[in-house]
Amino acid sequence: MTLDEKLAQIVGFWEGEEGDSVAPMQGELATMGKLDQAMEHGLGHLTRVYGTNPVDATERAQYLWDRQRQLVKGTRLGIPALVHEEILTGLSMWKCATFPTPLAWGAAGDPDLVERMGALIGTSMRELGIHQGLAPVLDVVRDPRWGRVEECIGEDPYLVGALGTAYVRGVQSAGVHATLKHFVGYSASKAGRNFAPVSAGPRELTDQLLIPFEMAILDGNARSVMHSYAEIDGVPVAANPELLTGVLRDQWGFDGVVVADYFGVAFLRHLHQVAPDLADAARQALAAGVDVELPTGDAYAAPLKAAIEAGDVDIALVDRALYRALAQKEDLGLLDEDFSGDPPTDVVLDGPEHRKVARTLAEESIVLVSNDGTLPLATDSRVAVIGPNADRFQALFGCYSFANHVLAQRPGVDLGFSAEPAVAGIREEFGDVELVQGCAIDDDDTSGFDAAVAAATRAEVAVLVVGDNAGLFGRGTVGEGCDRDDLELPGVQRQLVEAIIATGTPVALVLMTGRPYAVAWATEKCAAVVQAFFPGEEGASAIAGVLSGRVNPSGRLPVSLPRSSGTQPYTYLHPTLGSGTDVTNLDPSPVAVFGHGLSYTTFAYEGFEAAAQVPTSGAMTASVTVTNTGERAGGHIVQLYARDHVGSVTRPVAQLVGFQRVYLEPGSSAKVDFEVPTTRVAFTDRTMTRVVEPGDMTLWVGDSSQRVAEAAVTLTGPTFPITTESPRLTKATVQS
């Protein structure tokens, strides 16, 4: 291969870049040019062929097949391009099914369902000629002020890893590749600001932030990884060989492809300023282990070519990346594909199975945070529906949905599929309701308060639907580049809610948000608080079903509900001194703990048992019988936690080591057995070795991280070092 042919295989090309920005600094960094020119020597990736603009699937597939044939027949090597798209909440293209956000996956706690969703997404990709999807996001939530919290699964590494691994398995079952992002540390940015420096130490990285990536690679066989924009202790991840090669490849044996987050290589010059020019940025990224530059060849094309020809960069770095890129294409069958067949004409983008999975996941993800008995509402109740998110279908979706990522900048373009706002679902459930907006999402206009107060006064109950508008780079209240410096509801939404509370009409507060807000006041004053983390295209029905009782809520908080922004960053995985103690006057405890969620029925735990002694190299076993002691059928997530009482380094006061969703009819029971590999309680000791230490532990079960039934366990034997051969996933079985 010539140098031009080699470089062509490790870059992408993005058409339509002159449009509105959907990537950081896109306007400043996008390489303008013609695709024909970019394909002269071949091409590594075609960037977002379907997902950049609202395009007809059939017409765009024909366009894509024509371009691929052009590469096959019109270049010397005849290698097709790999096509990638965003797939965070479904395939991000016009008219395609949009599922709940990852925070909702965490709330639902249903890996099997997440895997089914992933398989549906992967199938649509494969049929449309898309080979790689940019998801899941495996960043562990550290600070709810960060705008990208809505893209994450939760604040617990095991929860993130288990659900993320299920998603990878689902997507890749269709014969396409998932891409883990953002490796690593992105979510630990200072003060929750996007791109802010990260000061995480190697122990925090290993024991918390890297865990989900390790699981998705070793247990999910993820084939692609995207580097993080972050700098950790002054070193940008895109230029960090200890992470991109040392951890990924040398420790974990990853043999897939590392791709750049968009413009991430160029950022080594423009933002991190660790490279004097784009050629050196390319050298550093290649040396660290970034194989493919996306979305375009800002650094890996002309600047890198000139540096190689001048003798400033070793061609061996290019050859290493090239081998990995071509191996990926071979794995995907692209090296043998000539695109001689016809493109698809009838791909189902939002069919009955998509709807079924979206509906079930939405229903399982709704969290009933508080309830004084007002919910469920009788369907003949006189209801006023108030709030800025009541009549916005956009409030169902996160920032990487096509609706909010692209269509928000294309006014007048139809959504392309059915997605009713919350009020439509409520009307379906309760009949005619009075609708008043009251205020906007994020301004200081209170002129609508009087109408809202009047409507609430006439009603038996006021359903207030408030929350976020997901967007990009300051165009929303949550999403990429939409960070907050406080955790109050945006705009004057709190004042609106308090004005309605003052009427004396019971208030059911529905939070449609992409982050947890500080709503202690609401849990104290509202009749009920319902949390919906952007529940997707079937979200309106799910919310209305919870309000009426048609759906018995079973979601659990995947993130702690904070008391104030001043207590952040916070995680329930804190050691003793991370709690409120008498050595400080500040109480960081959350309003609602990780794993919390209420139901319209009651569940009792009986017979919790755990093996009293377990070798450090073995597995802890525990079992419990759960009984639905109420009058309604319902889902329930049995959660198993552990605490290591004494370690060579400080240990968290609680950590999730297993969970299992069960569904029980009134009066029925199920026995849940857990087999927890001791890997789940491993940590990095003072010698920076990841080990399981002998000693006393407590295991407990509950419907949150709070204890319901507990047992003492002693780990025996020598200190046991963890390796990649050590099992990571807890096994849970259910006996009815």
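# Guided questions on a predicted model

Guide: Let's begin with a pair: Arg651 and Asp644 are both buried. This is a predicted model, so local features need pLDDT of at least 70 and side-chain atom pairs count only at pLDDT 80 or more, while totals for chains, interfaces and linings use all residues. Residues are numbered from 1 along each chain as its sequence is written, and side-chain values use heavy atoms, with hydrogens and water left out.

Visitor: What makes Arg651 and Asp644 a salt bridge?

Guide: Their closest N and O atoms are 3.7 Å apart. The rule asks for a side-chain nitrogen of Lys or Arg within 4 Å of a carboxyl oxygen of Asp or Glu, so this pair counts. In general, side chains of opposite charge can pair when their charged atoms come close.

Visitor: How many salt bridges does that rule give?

Guide: The count comes to 31. There's also a network of salt bridges linking Asp350, Arg355, Glu537 and Glu538.

Visitor: What separates Arg69 and Asp66 along helix H4?

Guide: They are 3 residues apart in H4 (residues 57-74), which means about one helical turn. Helices (H or I, at least four residues) and strands (E, at least two) are DSSP runs, numbered from the N terminus. Arg69 and Asp66 form a salt bridge with closest N and O atoms 3.2 Å apart, and Asp66 is partly exposed at 38%.

Visitor: Why is the Tyr572 and Tyr641 pair called edge-to-face?

Guide: Rings of Phe, Tyr and Trp (its six-membered ring) pair if their centres lie within 6.5 Å; planes under 30 degrees apart are stacked, over 60 edge-to-face, and the rest tilted. Here the centres are 6.3 Å apart and the planes make 90°, so the pair is edge-to-face. Tyr572 is buried at 4%, and Tyr641 is buried at 0%. The structure holds 16 aromatic pairs.

Visitor: What makes E10 and E12 the edges of the open sheet?

Guide: The sheet has 6 strands in the order E10-E15-E14-E13-E11-E12, with mixed pairing. E10 (367-371) and E12 each have a single partner strand, so one side of each is left without a neighbour in the sheet. Two strands pair if DSSP finds at least two bridges between them. Strand E11 (residues 383-386) and E13 are parallel and joined by 4 bridges, so they pass that test.

Terms used
Buried means under 20% relative accessible area, exposed over 50%, partly exposed in between (1.4 Å probe, protein chains only).
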